[in-house]
Amino acid sequence: MDNFKEAQEDMRDGYGYGSIGIFVSGTVWITAGLMVNLYSSQKGIWTLIIGGMFIFPLATLIEKLIGIKGGHHKDNPLGKLAMEGTIWMIMCIPLAYGLSLVKTEWFFQGMLLIIAGRYLTFASIYGLRIYWLLGIVLGLAAYGLFIMKALDFVSALTGGCIEIVFGVIVYVLYRDNKQKD
């Protein structure tokens, strides 16, 4: 890539502004919440951890099915930044799991903070300020849920709803911009 803006454009075009990934992640969060509600907190925690491993492959598959490339150019340095952010997020999961050993709801609140931070880097990767808003909303939600001593089901459901709403908003932005081209 010759310049930063070109690299961002490649990422936006390749992943539909990241909208499908946000939506799939929200679906995993909702599923984890349902597992908490129907079965147990531990099953919900493992649903989020294991389901999280499938967010990128599922999002890529859906992107390709709906006509989005689902990838970026190999020489795009922002692809490396995205991978580094993913590794950082994975390295933080044991911290959130450790919180669950004290109170299970803290796992979901901790994970909300972790993904909030990850989404902040997406503002640079995609060149879209809406990712700042998504990160802030998730971070504030985590803090509010902690202060309110919200149950794990409520925490997981909140994270999922926020992501699904933002996934739809970001997809609409993507489609509107594509229609202008």
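Mentor: We take the core, then the aromatic pairs, then one glycine. This is a predicted model, where local features need pLDDT of at least 70, side-chain atom pairs count only at pLDDT 80 or more, and totals for chains, interfaces and linings use all residues. Residues are numbered from 1 along each chain as its sequence is written, and side-chain values use heavy atoms, with hydrogens and water left out.

Trainee: How many residues does the largest nonpolar core have?

Mentor: The largest nonpolar core has 49 residues. Such a core is a set of buried Ala, Val, Leu, Ile, Met, Phe, Trp, Tyr and Cys residues joined through side-chain atoms within 4.5 Å. Buried means under 20% relative accessible area, exposed over 50%, and partly exposed in between, with a 1.4 Å probe and protein chains only.

Trainee: Which elements give two or more residues to this core?

Mentor: Those are α1 (4–15), α2 (19–38), α3 (41–52), α4 (55–65), α5 (77–100), α6 (104–126), α7 (130–147) and α8 (152–180). The most comes from α6, with 12 residues. Helices (H or I, at least four residues) and strands (E, at least two) are DSSP runs numbered from the N terminus.

Trainee: And which residues have the most contacts inside the core?

Mentor: Phe 108 and Tyr 131. Beyond residues up to four places away in sequence, Phe 108 touches, among others, Trp 29, Ile 45, Leu 48 and Ala 156. Contact means heavy atoms within 4.5 Å.

Trainee: Rings next. How many aromatic pairs are there?

Mentor: The count is 12 aromatic pairs. Rings of Phe, Tyr and Trp (its six-membered ring) pair if their centres lie within 6.5 Å; planes under 30 degrees apart count as stacked, over 60 as edge-to-face and the rest as tilted. The ring centres of Trp 46 and Tyr 97 are 5.7 Å apart with planes at 50°, so that pair is tilted. Trp 46 lies in helix α3 and Tyr 97 in helix α5, 51 residues apart.

Trainee: What is the relative accessibility of Trp 46?

Mentor: Trp 46 is at 40%, so it counts as partly exposed. Tyr 97 is also partly exposed, at 26%.

Trainee: What about Tyr 119 and Tyr 131, stacked or tilted?

Mentor: Their centres are 6.0 Å apart and their planes at 25°, so the pair is stacked. Both residues are buried. Tyr 119, Phe 122, Tyr 126 and Tyr 131 form one aromatic cluster.

Trainee: Last one. Where is Gly 26 found?

Mentor: In helix α2. Gly 26 has 0% relative accessibility, so it counts as buried. Leaving aside neighbours within four places in sequence, Gly 26 contacts Gly 160, Glu 163 and Ile 164.
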